[in-house]
Amino acid sequence: MDDPIEARISRRDLLKTGALAATAAAVPLGAAAQAPATAGAAAPATPPVAAKVRLRVNGQAHELDLDTRTTLLDALREHLHLTGTKKGCDQGQCGACTVIADGRRINSCLSLAVMHDGGEVTTIEGLGQPGKLHPMQAAFVKHDGYQCGYCTPGQICSAVSVLDEIRRGLPSHVTADLNQQPLLSVDEIRERMSGNICRCGAYSNIVEAISEVAGRGGKA
């Protein structure tokens, strides 16, 4: 004969009992884990480490005292007030912060300023100014290679470097023969510029501007 008590315990009752038991066991552990945070004061924050950083930006020497965590982008914008270089995604995805550092283009938001101590940096301000535009700047104006203009400084810095990369024979993902000089083709330009996003969609005009400058050898 079945035990009358066991007969009265349904499967649902058994699951409820098990859940309550598990909750009761977990509550003291959670409370204990939170106790140190509420009982004691927070540990004092570690003071930032500063370093002297020497940069040559657009041909001018600068010496800055910077928190070692300062990105090159923030050093340019916040300390040297060169706001032509734009802060976009701050994750190296959009290319708005592109500058030319020691002859190669980089995303300045992903690079610490201390990494460029003693180095040379060229920003959009260093390529050309109103009244004396760089050929690439003039071509962007002529071909309407910008709309809102926010990505344009990074696009232009990147475009100047693209032509330099092709001249130096550096291959891209679409270079057919790694043993030959890369062709200065639309496919090469599009591939090499793919890291610079234009949310306004002026890509075809940007390619036309770069192609025109490339026809002159890309020289300033």
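Predicted model: local features only at pLDDT ≥ 70, side-chain atom pairs only at ≥ 80, totals over all residues.
Residues are numbered from 1 along each chain as its sequence is written, and side-chain values use heavy atoms, with hydrogens and water left out.

Student: In which sense do strand 1 and strand 2 pair, and over how many bridges?

Tutor: Strands (E, at least two residues) and helices (H or I, at least four) are DSSP runs, numbered from the N terminus. Two strands pair if DSSP finds at least two bridges between them. Strand 1 covers residues 50-57 and strand 2 covers residues 60-67. Their pairing is antiparallel, over eight bridges.

Student: Which residue takes a positive phi in the hairpin of strand 1 and strand 2?

Tutor: This hairpin has two residues between the strands. The positive phi, near 55 degrees, belongs to Asn 58.

Student: Which residue of strand 5 is the bridge partner of Leu 55?

Tutor: Strand 1 also pairs with strand 5 (residues 119-122), in the parallel sense and over three bridges. In strand 5, the bridge partner of Leu 55 is Gly 119.

Student: Is Gly 103 buried, partly exposed or exposed?

Tutor: Gly 103 lies in the loop between strand 3 (98-101) and strand 4 (104-107). Leaving aside neighbours within four places in sequence, Gly 103 is in contact (heavy atoms within 4.5 Å) with Asp 164 and Arg 168. Buried means under 20% relative accessible area, exposed over 50%, and partly exposed in between (1.4 Å probe, protein chains only). With a relative accessible area of 43%, Gly 103 is partly exposed.

Student: How many residues apart are Glu 212 and Lys 142, whose pair links distant parts of the chain?

Tutor: A salt bridge is a side-chain nitrogen of Lys or Arg within 4 Å of a carboxyl oxygen of Asp or Glu. The side chains of Glu 212 and Lys 142 meet in such a bridge, at 3.1 Å from N to O. Glu 212 is in helix 8 and Lys 142 is in helix 5, and the two are 70 residues apart.

Student: Why are Arg 192 and Glu 188 separated by about one helical turn?

Tutor: Arg 192 forms a salt bridge with Glu 188, and the closest N and O atoms are 2.9 Å apart. Arg 192 counts as buried at 6% relative accessibility, and Glu 188 counts as buried at 3%. The separation is about one helical turn because, in helix 7 (residues 186-192), Arg 192 and Glu 188 are four residues apart.

Student: What is the relative accessible area of Arg 69?

Tutor: Arg 69 and Asp 67 meet through their side chains in a salt bridge of 2.7 Å, N to O. Asp 67 is partly exposed, with a relative accessible area of 23%. Arg 69 is exposed, and its relative accessible area is 59%.
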